Amino acid sequence: MVFQNPAAFLFILVVPLLFALRKAGFFRKFSIPLTLSDWGGTAFSWRGRLAAFLSFFSGALMLFGYIALVVAFSDPVVRHHEKVFTSRGTEILFVVDTSPSMAARDIPYLNSTINRLDAARLGIKTLVEAEKGATFALVAMASEAVSVVPPTCDHDVFLDRLDSLKIGALGDGSAIGTGLCSAVYHLVATSAPRKCIVLVTDGENNAGSIHPETAAALADENGISVYVLGIGTRGTVLVEYVDPNTGDVRSGLYESDFDRGALERIASAAGGRYFGIETIPSLSESLSSIASRERVIQNFHIRTVEELFYHKFLVASAVLFMAGWFVRRVCLSEIL
């Protein structure tokens, strides 16, 4: 943090100067002694520790409020540098399975487990945050496939639409071939130097009229690599999700045993690679490996961005002054 008007800090010297002048007898508070007692009795004296503490506390609030006001007038700014890319980078299109089996809660996360779709979201978000110069796109796939986000450099929009994916919204099957063809269709028309498709699924192709290996061959013909992430563990797992069409909660046990060989052939047919995913770290490592293989050199320049903080200190000052006034007026019942 730097201060564009550092001379404003000279106003802090007013605080010790005021204390020194009061000590010398100037600016003393005007007061009228008022003794309350019975005739010949003991006079009232204020010995409450809580009241003394509140008086000191309110003074401290006022002091910090004044300091915050001075800092605001000094115009604090935080400067940071960011890359502005002037050439296109890698184009990565995610084909994400949203069939009900992706609701299987078998991916360890923190002290619990999360479903496969949420795990995929976490891994994809990590990659997007790391690859600032890449372009991302998203296709959702189940019994049918739809383009959710066309290739875009606006990572915030991409992540927002990624969060909007709902399990079961596109049916109960897995039309892997259709999803891959939809992805190829969107990537063919772009002029990115490198393009790749990342298929995230936990099942076999059991819907649609296009064979996945045919779609993978089409991708290879157009210079598009296909990587496959087979997410999920084997065995009996719990499946639970809310049906987006009816709002009903659907739950049950699912026997997870997808064909890894078929997914490996899809990746091999398009010059890619298959990754088995059972944990969040393995997902992040796999996506990082894909990004490293597909990364291209981009032209960029450095831009300095300034974040102003004066308004935050102004708000803090107002809050501190109001809190100090509240303690004196309401808690201590002082008139001024």
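Analyst: Accessible areas come from the Shrake-Rupley method with a 1.4 Å probe. On that basis the protein chain of this predicted model exposes about 19,100 Å², of which carbon and sulfur atoms supply 59%.

User: What makes the protein chain count as more spread out than a compact globule?

Analyst: The chain holds nine helices and 13 strands. Its radius of gyration is 32 Å, whereas the globule rule gives 20 Å for 336 residues, and because the value is well over that figure, the chain is described as more spread out than a compact globule. Along its principal axes the C-alpha trace spans about 105 × 50 × 30 Å.

User: What share of the 336 residues in the protein chain is buried, and how far apart are the mean positions of its positive and negative charges?

Analyst: Buried residues make up 40% of the 336. The mean positions of the 29 positive and 33 negative charges lie 16 Å apart.

User: Why is Ser286 called buried?

Analyst: The cut-off for buried is under 20% relative accessible area, and since Ser286 has 7% relative accessibility, the residue counts as buried. Ser286 belongs to helix α8, which covers residues 280-294. With its neighbours within four places in sequence left aside, Ser286 is in contact with Leu229, Phe275 and Ile277.

User: How do you know that strand β6 is mostly covered?

Analyst: Strand β6 runs over residues 135-141, and seven of its seven residues are buried, each therefore falling under the 20% limit. In a regular strand the side chains alternate between the two faces of the sheet. In β6, Thr135, Ala137, Val139 and Met141 point one way, while Phe136, Leu138 and Ala140 point the other way, and the residues of both sets are buried.

User: What share of the contacts in the protein chain with a separation of 6 or more comes from residues 24 or more positions apart?

Analyst: Such residues account for 78% of those contacts, where a contact means heavy atoms within 4.5 Å.

Notes: Residues are numbered from 1 along each chain as its sequence is written. This is a predicted model: local features need pLDDT of at least 70, side-chain atom pairs count only at pLDDT 80 or more; totals for chains, interfaces and linings use all residues. Side-chain values use heavy atoms; hydrogens and water are left out. Helices (H or I, at least four residues) and strands (E, at least two) are DSSP runs, numbered from the N terminus. The radius of gyration is taken over C-alpha atoms; the globule rule is 2.2 Å times the number of residues to the power 0.38. Buried means under 20% relative accessible area, exposed over 50%, partly exposed in between (1.4 Å probe, protein chains only). Lys and Arg count as positive and Asp and Glu as negative; His and the chain ends are not counted. The place of a charge is taken as NZ of Lys, CZ of Arg, CG of Asp or CD of Glu.
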